Amino acid sequence: MKSIIIYESTHHENTKKLVDAIAKKYNVETVSIENADGVDLSEYDIVDLAAGIAFGKFYKRMEEFAAKIPSGSRVFLLYTCGNPSGGYVKSITRTLESNGAKIMGNYGCRGYDTYGPFKLVGGIAKGHPTEEEIIGAAAFYDKITKGAAI
């Protein structure tokens, strides 16, 4: 099973911590969103889109990239956020499904956040993602790929 993680992790590299744990444990190829346009996604059995959350959804570049996912692709979503209020995958899921992609699941956890007004108070979700949350992301990947076995 060949899979790739396309990621966008900016402010504190919260999402990259999850991506790196998965890549190390399962030898998964990773590509930053800045280099993703040159990747032939049709070569992969599973595509993971991993990003932080801003204004209630995946980062804008990742949302835009989702529109390029080929029809029939199996996709899972991975994210970190300062405040886990839910609903973060709705927009990107709509985009992916409208293109014919199959969403296999999503995993999200808290991530240290100092964006905007949170900077004034020293940030929120300090210490996140925790080691347990990072391990949880790898366990999620394992579960998704076992369920996707051809």
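**Two loops and a helix pair**

Colleague: Where is the place of Asn27?

Modeller: Asn27 sits in the loop between α1 and β2, the latter covering residues 29–32. These labels follow DSSP runs numbered from the N terminus (helices are H or I, at least four residues; strands are E, at least two). This is a predicted model, in which local features need pLDDT of at least 70, side-chain atom pairs count only at pLDDT 80 or more, and totals for chains, interfaces and linings use all residues. Residues are numbered from 1 along each chain as its sequence is written, and side-chain values use heavy atoms, leaving out hydrogens and water.

Colleague: And what is phi of Asn27?

Modeller: Phi of Asn27 is near 55 degrees, which is a positive value in a residue other than glycine.

Colleague: Changing topic, which residues does a cis peptide bond join?

Modeller: The cis bond links His128 to Pro129, with omega at about 0 degrees.

Colleague: Where is Pro129?

Modeller: Pro129 lies in the loop between β6 (102–110) and α4.

Colleague: On to the helices: at what angle do α1 and α4 pack?

Modeller: Helix α4 spans residues 131–147, and α1 packs with α4 at about 50 degrees, their axes being 9 Å apart. Therefore α1 is oblique to α4, a term for angles that are not under 35 degrees (roughly parallel), over 145 (roughly antiparallel) or 65 to 115 (roughly perpendicular). Axes are lines fitted to C-alpha atoms over the stretch in contact, with angles from 0 to 180 degrees between N-to-C directions.

Colleague: Which residues in α1 and α4 meet?

Modeller: From α1 come Lys17, Leu18, Ala21, Ile22, Lys25 and Tyr26. In α4 they meet Glu133, Ile134, Ala137, Ala138, Tyr141 and Asp142, contact being heavy atoms within 4.5 Å.

Colleague: How many residues of each class are in the contact of α1 with α4?

Modeller: That contact has eight nonpolar, four charged and no polar residues. Ala, Val, Leu, Ile, Met, Phe, Trp, Tyr, Cys and Pro count as nonpolar, Asp, Glu, Lys and Arg as charged, and the others, Gly among them, as polar.
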